Amino acid sequence: MKKKLFSAFAAILVLVISVATLVACNPYKNTAIGGGDATAPVESNGGYIVKQGNYVYFVNGYVGADADATWGAATKQGIVRAEVKEDGTIDNSTSKLLVPKSVYNSSVNGGIAIFGEWIYYATPNIDKDKSGTASTTDTDFMRTKIDGSVTQLIGTIGTRSSEYIFTSSRVLYFTSNTVSYIDFSGMKTNKNIDNGQGATKGTLLENVASIAWTYGSNEMFYVQNAPSEDSYKNYNNLCAINLDGSNQRTLATIDTFVTEGKTPENDQLNVFKYTLAKMYVESDGSVTIYYNKTHTENSETKKDGLFMAKASDVKGTEKLLNHISSTTLVPLGYDEGALAYNADSKYCWYNGIETENPVLVSDSSQTIWKVDKEAGVVYFSATSSASALYKISYRGATDNITTVISEGIKTDGFVLDFIGNDFFFFATDDDNYLHTINLLTFDKDAEDAESTYIGIGRPEKESE
């Protein structure tokens, strides 16, 4: 009898251990939702809504940094997937929770991204230290398969404000003058992983002053400070490198613009320091870069202005856009220049020709979110507490402002998202849930004019 009891107890113990081991190895309770199309093209990587084929993946409303970041705790501010109908609209009845975890980072340029069968995102790390205090500073980079079947922690970094960008094999992030990476190409893809097993961390660049990168290009551009022993020479280096670490090159350095026959020492007016502002991917895949330049004259720093150039030939293609060294700008590409702040913080169209008398586009305290170059219009809102989205021609006068939609739009800390002519925003009139309109068909004056809510979990409004 004792032997039978012992055997039964042993069997139960083995079962308990097995279950505990399974839970330990499977920390993310995934519910596979099926579907998805890993082979379809992707639009709008880097925002809070991404389209892949006939599906959209989006951050389901905004809560903020204080949302519970425990896996399984989030519906709002988690990631939801929905199907796109034949007419291009989103079928909200198909919305399903894909990532039940708070997706948040204070970098406005981060967002979510999809490559193949994975969706990549950043989320607050809340691991506890030895005293039981949860982290309030760290970020986890994670990925989940687009059918929800597998979730993996790629790696953790010690900040929640770093600029970052995902590729199909690594995530890069910029902090403390250093560009680092976590390469996840060695991770297994068929099981949940909560410790980054198979991923490797490394340093791509050091002593970096400014960077520019964007989805849609495999290159990044950066300014690297001169070696400390050369600090008295008052220059830095404008450089480029592929996101995978290959093809590192210098685009402009101490003597790039020095007058022929002179040396940097006796031509200080043409020895520059650069600050990168933006990059723009042209229709042919080439890149135009935007940067400010300064030089030193009699030990005093002088502004030379805002410039643009083709990255393939900075010296040969450089154009002056303005003399005031704008840092807030929207690139338009090499042929059209940029929309950039003037001295009064008003957007102007600087086209590389009219540097002193550009076309005034906006009033102050306004932010441009989207440019339709074919139509020659821009969409903008008030910089904060936006109650409407407007459009205006950037090639003409400022008396043709049109209101597109009059609703509360959360703009602080976000880059408003567009996919084609569809505009997506967190509606402050609806507790920061995600809403959408089509820019071409929405009629704000219609009797039933109202943006469309998409997502799940909105209290008492699921049937709308």
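I began at a hairpin: S8 and S9 form it, with five residues between them. Gly148 in the turn has a positive phi of about 80°. Strands here are DSSP runs (E, at least two residues), numbered from the N terminus.

Before going on, I noted that this is a predicted model, where local features need pLDDT of at least 70, side-chain atom pairs count only at pLDDT 80 or more, and totals for chains, interfaces and linings use all residues. Residues are numbered from 1 along each chain as its sequence is written, and side-chain values use heavy atoms, with hydrogens and water left out.

I checked the pairing next. Strand S8 (residues 139-145) runs antiparallel to S9, and six bridges join them. Two strands pair if DSSP finds at least two bridges between them. Asp140 has Thr156 in S9 as its bridge partner.

Is S9 enclosed or open? Six of the seven residues of S9 (residues 151-157) are buried, so the strand is largely enclosed by the rest of the structure. Buried means under 20% relative accessible area (1.4 Å probe, protein chains only).

I moved to an open sheet of four strands, ordered S10-S11-S12-S13 with antiparallel pairing. S10 (163-166) and S13 (200-205) are the edges; each has a single partner strand, so one side of each lacks a neighbour in the sheet. Four bridges join S10 to S11 (residues 170-175). Tyr164 has Tyr173 in S11 as its bridge partner.

Last, the cysteines. Cys239 is buried at 3% relative accessible area. Cys348 is also buried, at 3%. I counted zero disulfides, taking one as a pair of cysteine sulfur atoms within 2.5 Å.

Notes. Buried means under 20% relative accessible area, exposed over 50%, partly exposed in between (1.4 Å probe, protein chains only).
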